Amino acid sequence: MSNNIARDSADSGRTASKRMITYDDVQKVYGTDPAEESVTALQDIDLNIEHGEFVSVVGPSGCGKSTLLHLAAGILEPTDGSIKINGTSVQSTQHQRKEVGLVFQHPVALEWRTVRKNIMLPVQILKENGAIDGDMDEYRERADELISLVGLKGFGDSYPNELSGGMQQRVTISQALIYNPSVLLMDEPFGSLDAMTKDELNLELLRIWRETEKTILFITHDLDEAVFLSDRVVVLSPRPGEVVDEIEIDLERPRNEETRATERFVELSTKLHQHFKSLK
Ligand SMILES: Nc1ncnc2c1ncn2[C@@H]1O[C@H](COP(=O)(O)OP(=O)(O)OP(=O)(O)O)[C@@H](O)[C@H]1O
């Protein structure tokens with residue numbers, strides 16, 4: 001690829017091992033006001049995610065997975081400890097919001113804007129907040145590259161209601177990539193899709209990850225999805241969430257439809273399912 005996306009990837013180089021996301025002794029308590037009942041969502045979280053790594057987080061419902069992700073996004077503040085992205089504390093004024101792209105379960109496309117204009121939306125918001133400067137034409141060009149990258153060629157002028165759920169989620173992924181963040185934080189991005197669309201988008205996400213060399217922190221309830229996608233699966237305990245296991249996923253890459261049928265996939269998936277059962 002001779003476009004900006006490929007150039008950005010070539011510059012970043014996955015081989016150089018570098019900490020991209022660091023949780024250092026993090027605790028998160030909701031309701032710290034003495035008048036409220038407090039909930040300790042997370043405690044003693046020490047976790048390092050390397051540059052270019054794909055890490056999934058799984059754990060029982062309510063164990064603090066989304067909280068973990070929202071802390072890295074800077075949407076929530078830790079009660080204790082610190083979270084760094086690329087060496088800079090997420091709470092500090094030096095932290096650049098554009099380092100991080102967010103993808104949630106439900107598409108966030110505005111129905112009155114075309115696909116292209118929806119992809120440009122985060123740039124417009126960050127520009128108005130003064131968080132980015134520079135040439136909007138560069139981003140328009142990038143929006144067109146992303147439309148191709150995520151498989152939406154020919155749909156740039158379509159409106160969200162003309163797209164399937166899976167296609168809308170492709171728009172959301174493009175929105176998250178528009179300002180070329182180093183990190184993608186994804187909270188159950190395919191959780192509301194049917195099984196076939198989910199499998200298809202899993203493959204697409206792996207291709208996009210390979211081509212753009214982002215660091216991905218991925219939350220899911222689906223243990224097989226976690227095994228299929230990840231370099232490493234982090235298991236949280238029931239609330240208060242603590243890291244109780246980290247499973248290296250040594251399946252060959254690139255992964256494809258056949259990967260799920262391999263002996264190693266079945267072994268890893270069984271191990272994770274058994275581990276999960278023992279948590280309850
Ligand atoms: N704003 C809040 N105020 C009080 N408690 C909260 C708040 N947000 C989350 N919690 C509680 O913190 C705990 C962790 O929530 P979180 O959403 O991070 O878990 P989760 O693992 O993502 O859940 P799920 O798997 O059901 O999506 C839960 O018990 C939840 O009820």
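# A chat about sheet, helices and ligand

Visitor: What order do the strands of the open sheet have?
Guide: In this predicted model, the open sheet has six strands in the order E6-E7-E8-E3-E9-E10, and their pairing is mixed.

Visitor: Which strands are at the edges?
Guide: Those are E6 (100-103) and E10, as each of them pairs on one side only.

Visitor: And how are neighbouring strands turned against each other?
Guide: By 15 degrees on average, if you ignore direction.

Visitor: Which residue in E10 is the bridge partner of Val 233?
Guide: Look for Ile 247 in E10; that's the partner of Val 233.

Visitor: Okay, helices now. Which strands does H5 lie across?
Guide: H5, residues 165-177, lies across E6 and E7 (183-187). The helix runs at about 165 degrees to E6.

Visitor: What about H3 and H4, at what angle do they pack?
Guide: At about 125 degrees, with the axes 10 Å apart. H3 is residues 115-128 and H4 is residues 136-149. That angle makes H3 oblique to H4.

Visitor: Is the crossing left-handed or right-handed?
Guide: Right-handed, as H3 passes H4.

Visitor: Which residues make the contact?
Guide: On the H3 side, find Val 115, Arg 116, Ile 119, Met 120 and Val 123. On the H4 side, find Tyr 139, Arg 140, Ala 143, Leu 146 and Ile 147.

Visitor: New topic: how many residues surround the ligand?
Guide: There are 13, and the closest are Tyr 30, Ser 61, Lys 65, Ser 66 and Thr 67.

Visitor: Which helix or strand gives the most to that shell?
Guide: H2 does, with three residues. Both H2 (65-73) and strand E2 (39-50) supply at least two residues each.

Visitor: So how does the shell around the ligand divide into nonpolar, polar and charged?
Guide: Here you get four nonpolar, seven polar and two charged residues.

Terms used
Residues are numbered from 1 along each chain as its sequence is written. This is a predicted model: local features need pLDDT of at least 70, side-chain atom pairs count only at pLDDT 80 or more; totals for chains, interfaces and linings use all residues. Axes are lines fitted to C-alpha atoms, for helices over the stretch in contact, and angles run from 0 to 180 degrees between N-to-C directions. Helices (H or I, at least four residues) and strands (E, at least two) are DSSP runs, numbered from the N terminus. Angles under 35 degrees count as roughly parallel, over 145 as roughly antiparallel, 65 to 115 as roughly perpendicular and the rest as oblique. A crossing is left-handed if the near helix is turned anticlockwise from the far one by less than a right angle, and right-handed if clockwise. Two residues are in contact if their C-beta atoms, placed from the backbone, lie within 7 Å. Two strands pair if DSSP finds at least two bridges between them. A residue is near a molecule or strand if its C-beta atom, placed from the backbone, lies within 6 Å of it. Ala, Val, Leu, Ile, Met, Phe, Trp, Tyr, Cys and Pro count as nonpolar, Asp, Glu, Lys and Arg as charged, and the others, Gly among them, as polar.
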